[in-house]
Amino acid sequence: MKKPLASSFLQLLLYMRPFRRIYLSATLYSFLNKLFDLMPEILLGIAVNTVVAREQSWLANLGFCDLKIQLILLGLMTMVAYGLESLSEYLFSIRWWNLAQIVQHNFRMQAFEHVQKSTITSFSKQKTGNLLSILNDDINQLERFLEEGIDKIIEVIGTSIFVGSIFFFLAPQIAIFVVIPIPIIIYSTFRFQKKLSPYYLNIREKAGLVGAFLANSLLGLLATKSLVAEQLEKKKLEKASMAYKDASFNAIRWGALLVPIIRFVILSGILVTLIYGGKLTIEQKLDVGVYSILIFLTQRLLWPFTEIADIMINFQRVMASTQRLLNLFELPTENSPDNIVPIKGRITFDDVSFSYHNHTPSLHNLTFATEPGQHIAFVGATGAGKSTLLHLLLGFYLPTSGKIFFDNKEIRELSLPGLRKQLGFVSQEPFLFEGTIAENISYGYVEATPEQIIEAAKNAAAHEFIMRLPEGYDTIIGERGQNLSGGQKQRLAIARAIVRNPTILILDEATSSVDNATELAIQRSLSKIGQGRTMILIAHRLSMVKHADKIFVLKKGSIAEQGTHEELLQHDNVYANLWKLQMGETLTHPELIID
Ligand code: ADP
């Protein structure tokens, strides 16, 4: 997905099209500023000419014969030049800063929205820390470039054009020596930097890896501490950080070569102006004032060009960042039609198979149907495919073959957000957000009234523990709900799923971390809140599923048996043996449940 430098820059310009009025006027003011910036040097030349040539000076030739008037005029012109320079600097600065702020904000929002819309398959291939580093560091690089970097590029181009033109106008014989090296320098710097471009992309990638490692490692800090693996983590960070350092060093080592070379080439221009220009002046072929202007201007040329290497390095860096950002926009997104249909709760799986990333199939030819309001359960060993089945129901993945229907509409014909709004899903490891208990329960359903929130919490057997918290429903639960126990988090997640009154309630091991008494309370609530809505249950503890209208036993991605609790017990197959195991009875066929 690597793009050439120019293409990234063009894409950036294309992206900034809506703000072209800002960047075009900023570019104009930057150019004008560089022009006004050269005025003092020209005025110095005019001053030299005035004091040397006096009554024959250029100003005298323009009709200002009085020497005093000439000096006053010089003073006025200097003031105007400085005034215009300051004004244009102010005008371009606010425009570039404004653009930088708008672009970084818009880029960040759009990139975030794109990541949110990306398919679970493409998202799961990304490292969170790397995404963080793109959304933060890379966008910040872009911001800095627009704030400062781009004006520097205009300075190099503008100064070269203006100084070159003045040289050609005043002394073409010297201009050839001073101006010709400029395009050569720019071209060779560009070529040289282009060769360095992979080095800069490498730096950004290594920085992304450091970010990815840090995010992952800090998330697992508890595990690291408990397993006394701090040294291991430190070593891993050291490796990632060293790789970043080496990548930077490699790029800088080559990049830093440029400055001395460029200095040397520019110096040749200065020497020619000094010596050859001096000779012409002595021979009276060149005016002293012109000679002064040329000397001052060659100095002015030196300044931006000694910075050209830095400018190019920054340009490379920011283009590498832009490229990473643009690549993010290439992540495939979830595309579903706008067809929002109220569903009644009938679910049909028609010969559905599914495999992750072309691995061995996790689900094989599943066929089953539920009627609206029915409660069905899936049981089976870890890895049997239960969560995968739920992920397909939620439209996180599409079947590799076969079809899933809600009522009589195939999932591919439905709007996924529209469908998900009608599903209440409680995952195995519920994710809670920083905020209050009430905010977490109404998350994604902000229209929930305080009464609805409390009712949902009561139905999820969470109300009592919430009321015991210092601030009740206004208690802040900390990042990822770290101030709560596993069981409390699960109950909040159940409340969050039911507050929106979903047509279909999906519970994936929703009671795995609660004690038996709480499970009983949740079970009672579920039989109440489950009335009139389809419920899909996954549970290890069979006590949770025994009241289901139908239980499916999954084994290695296929339905091994199905029926009600009583029917399955009579089969004396997998389910019956799992039940005996949980009841502490002797197993008749242990081989059925042990892989
Ligand atoms: P269960 O919920 O019954 O424990 P899962 O649905 O989580 O089972 O897993 C079913 C199979 O799919 C397992 O072999 C598991 O390794 C595989 N699997 C689950 N999630 C992924 C994933 N994101 N990528 C690749 N394979 C996966």
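Student: Where do I start, and which domains does the assignment give?

Tutor: Start with the overall division, and keep in mind that the model is predicted. The domain assignment gives domain 1 (5-328) and domain 2 (347-422 + 542-588). Taken over C-alpha atoms, the centres of domain 1 and domain 2 are 61 Å apart.

Student: What does UniProt place at residues 26-317, and what is the span made of?

Tutor: An annotation gives a label, and the secondary structure can then be read beside it. The unreviewed UniProt entry places "domain: ABC transmembrane type-1" at residues 26-317. In the model, that span is 90% helix and 0% strand, with its end C-alpha atoms 22 Å apart. The entry, again unreviewed, also lists "transmembrane region" for residues 161-186, 207-228 and 251-276.

Student: How far apart are the end C-alpha atoms of residues 161-186 and of residues 207-228?

Tutor: For residues 161-186 the ends are 12 Å apart, and the chain there is 92% helix and 0% strand. For residues 207-228 the ends are 27 Å apart, with 86% helix and 0% strand.

Student: How do I read a helix such as α8, and where does α8 bend?

Tutor: The general idea first: an α-helix has 3.6 residues a turn, so residues three or four places apart point the same way. Helix α8 (residues 181-219) has 39 residues and spans 55 Å between its first and last C-alpha, close to the expected 57 Å. The bend of about 40° is at L196, and the proline P198 follows within four residues.

Student: What does UniProt place at residues 347-581?

Tutor: There the unreviewed entry has "domain: ABC transporter". Residues 347-581 are 32% helix and 23% strand, and their end C-alpha atoms lie 31 Å apart.

Note on methods
Residues numbered from 1 in each chain as written. Predicted model: local features only at pLDDT ≥ 70, side-chain atom pairs only at ≥ 80, totals over all residues. Heavy atoms only, no water. Helix = DSSP H or I, 4+ residues; strand = E, 2+ residues; numbered from the N terminus. Expected span 1.5 Å × (residues − 1). Bend = angle between axes of the 7 residues up to and from the residue. Domains from an automatic or database assignment. UniProt positions renumbered as here; feature names shortened; annotations may be inferred.
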